[in-house]
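Student: I would like a close look at one part of this model. Please take the charged pairs and go through them in one connected answer.

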Amino acid sequence: MTTLELATALVVREPIEPELPLCRMLLPEACSNPVGRHFRLAFLGEPEKIVGAVSYRDDGAAVGGVRVHVVPLRRYAGTT
């Protein structure tokens, strides 16, 4: 990890329309039944590079059905 990446914040946000294929690629099991699911993508750096995705269900009382995918090259970034 470079100094620039250490100083850059991780951004997690709802995907925009052109990014929906990323969700399908990274979380295929969650996308097979998307009703009631929330999707988020994680980005790092400038320009933003995808580092992961998360999907979950939130019924107002509890969060469940969480699915997480971290891009393989980023799985151990920052660990020694």
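Student: Which residue forms a salt bridge with E48, and how far apart are the closest N and O atoms?

Tutor: The partner is R13, and the closest N and O atoms are 3.6 Å apart. A salt bridge here is a side-chain nitrogen of Lys or Arg within 4 Å of a carboxyl oxygen of Asp or Glu. The E48–R13 pair links distant parts of the chain, 35 residues apart. R13 sits in strand β1 (residues 11–13). E48 is in the loop between β2 (37–44) and β3. Strands (E, at least two residues) are DSSP runs, numbered from the N terminus. This is a predicted model: local features need pLDDT of at least 70, side-chain atom pairs count only at pLDDT 80 or more, and totals for chains, interfaces and linings use all residues. Residues are numbered from 1 along each chain as its sequence is written, and side-chain values use heavy atoms, with hydrogens and water left out.

The structure holds 2 salt bridges. R13 also pairs with E19, with the closest N and O atoms 2.7 Å apart. Through shared partners, R13, E19 and E48 form one network.

E19 counts as buried, at 12% relative accessibility. R13 is partly exposed at 24%. E48 is partly exposed too, at 39%. Buried means under 20% relative accessible area, exposed means over 50%, and partly exposed lies in between (1.4 Å probe, protein chains only). Why can such pairs form at all? Side chains of opposite charge can pair when their charged atoms come close.

Definitions and conventions:
Helices (H or I, at least four residues) and strands (E, at least two) are DSSP runs, numbered from the N terminus.
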